[in-house]
Amino acid sequence: MIHCEENLNSPQIVRGESPSIQQTIHVFTDGEELSEKRAYLCACEYFRKYDPLDNFTSLAQTLRLKTISTEITGPNQYQFVASYNAWKPKTIQYSRNSGGKTARIKFGSVITWGGVDDKPPINYGGGIGFSNGVFEGVDVPVPGSNFTITAAYPFAFYTPQYERILNSYRGCVNSSNFSIYAPGEVMFLDANVTKEEETNPNTGDPHYFWRIAFAFEASPNVTGLTNNDTLNPINKYGHDAYWIDTVTATDPEANRMTRKPVGHYTVRPWTMQWVNFSVLWVPDYRLQYGERMRYL
């Protein structure tokens, strides 16, 4: 079992001309193996849930998360320190493009299924488009829109642990609400990270920061999918595939051979995972300029 405990002296608060807050927690287990990445994810979730700025409104408008530092304190034991200071991020940028894509899929995990007249459909074990003894797959249209959220982060924010999270979350789907989207509707495509520099006009010293553009693809969840009331309705999550299984049968009225639906399925590609996007620390683009930065 994983434990997250806050330090007794946390949070440490400094007021005045250079205010800051440091929040320290310890993440450990009762003996089971605990990787640094897993501990870091737990720590991020704890910091989000118990954000000290929620309790210190006088500092909430001036402080921002600066960095999360990691220290190994023992076997399966880690200490994480979240530092907040008066660094002010750049204006958050948001862009959206309507459209969609077509993806060909042959195998996956069956999520929902429905047959005809309450009869169960054939169990293909996750295979799609069975015909002539092989799984031919189907070209799946995925309606939706692409959108990008861009913001600046302090230089110390972009740690090796955070970079590993970006790599592992590519192609994953939101497991909880993300902005205006329900679980299953948003896929994280990738993040474009650039190192930028500004010059302090008073001292002439360079100031470095990271600009991160998070690219997502949204596709709506659909309920009550059917085929002219022939198939029992099923639901589909936005990025799951949908296909209808048919057989060749004789139409007595038309006196000809036709394709008859016998089942339909929603299938999730095996490589797609559902994860919590909160550890990406993506800012809420709907805030007005000057408002305290909140994260989705």
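Analyst: Trp-281 counts as buried, at 4% relative accessibility. Buried means under 20% relative accessible area, exposed over 50%, and partly exposed in between, with a 1.4 Å probe and protein chains only. This is a predicted model, where local features need pLDDT of at least 70 and side-chain atom pairs count only at pLDDT 80 or more, while totals for chains, interfaces and linings use all residues. Residues are numbered from 1 along each chain as its sequence is written, and side-chain values use heavy atoms, leaving out hydrogens and water.

Trp-281 lies in the segment after strand E18 (274–275). Helices (H or I, at least four residues) and strands (E, at least two) are DSSP runs, numbered from the N terminus. The backbone of Trp-281 deserves a check: phi is positive, about 55 degrees, although the residue is not a glycine. Most residues other than glycine have a negative phi, and most peptide bonds are trans.

Now the ring pairs. Rings of Phe, Tyr and Trp (its six-membered ring) pair if their centres lie within 6.5 Å. Planes under 30 degrees apart count as stacked, over 60 as edge-to-face and the rest as tilted. By this rule there are 20 aromatic pairs. One of them joins Tyr-158 and Tyr-162: the centres are 6.1 Å apart and the planes stand at 70 degrees, so this pair is edge-to-face. Tyr-158 is buried at 19% relative accessible area. Tyr-162 is buried at 0%.

A second example is Phe-178 with Phe-216. Their centres are 5.1 Å apart and their planes meet at 45 degrees, so the pair is tilted. This pair links distant parts of the chain, 38 residues apart. Phe-178 sits in the loop between strand E11 (173–174) and strand E12 (186–199), whereas Phe-216 belongs to strand E13 (residues 206–218).

Ring pairs link Phe-178 and Phe-216 with Tyr-94, Phe-147, Tyr-181, Phe-188, Phe-277 and Tyr-285.

One ring carries a charge. The charged end of Lys-195 sits over the ring of Tyr-208, 4.7 Å from its centre. The rule asks for NZ of Lys or CZ of Arg within 6 Å of the ring centre and within 35 degrees of the ring normal.

In strand E5, Phe-80 is the bridge partner of Thr-70. Strand E4 (residues 64–74) runs antiparallel to E5, with 9 bridges between them. On another side of the pairing, strand E3 (residues 20–29) is joined to E5 by 8 bridges, antiparallel as well. There, Thr-24 stands opposite Val-81. Two strands pair if DSSP finds at least two bridges between them. Strand E5 (residues 77–85) has 7 of its 9 residues buried, so the rest of the structure largely encloses it.

The hairpin of E4 and E5 has 2 residues between the strands. One turn residue there is Asn-76, with a positive phi near 60 degrees. Asn-76 is buried, at 15% relative accessibility.

One peptide bond stands out too. Ser-10 and Pro-11 are joined in cis, with omega about 0 degrees. Pro-11 is in the loop between strand E1 (2–6) and strand E2 (12–14).

What about sulfur? A disulfide is a pair of cysteine sulfur atoms within 2.5 Å, and the count comes to 0. For Cys-44, the closest cysteine sulfur is in Cys-42, 9.4 Å away, which is too far for a bond. Cys-44 is buried at 1% relative accessible area. Cys-172 is buried at 4%.

Finally, the whole chain. It has 3 helices and 18 strands. Of its 296 residues, 41% count as buried. Contact means heavy atoms within 4.5 Å. Among contacts with a separation of 6 or more, 66% come from residues 24 or more positions apart.
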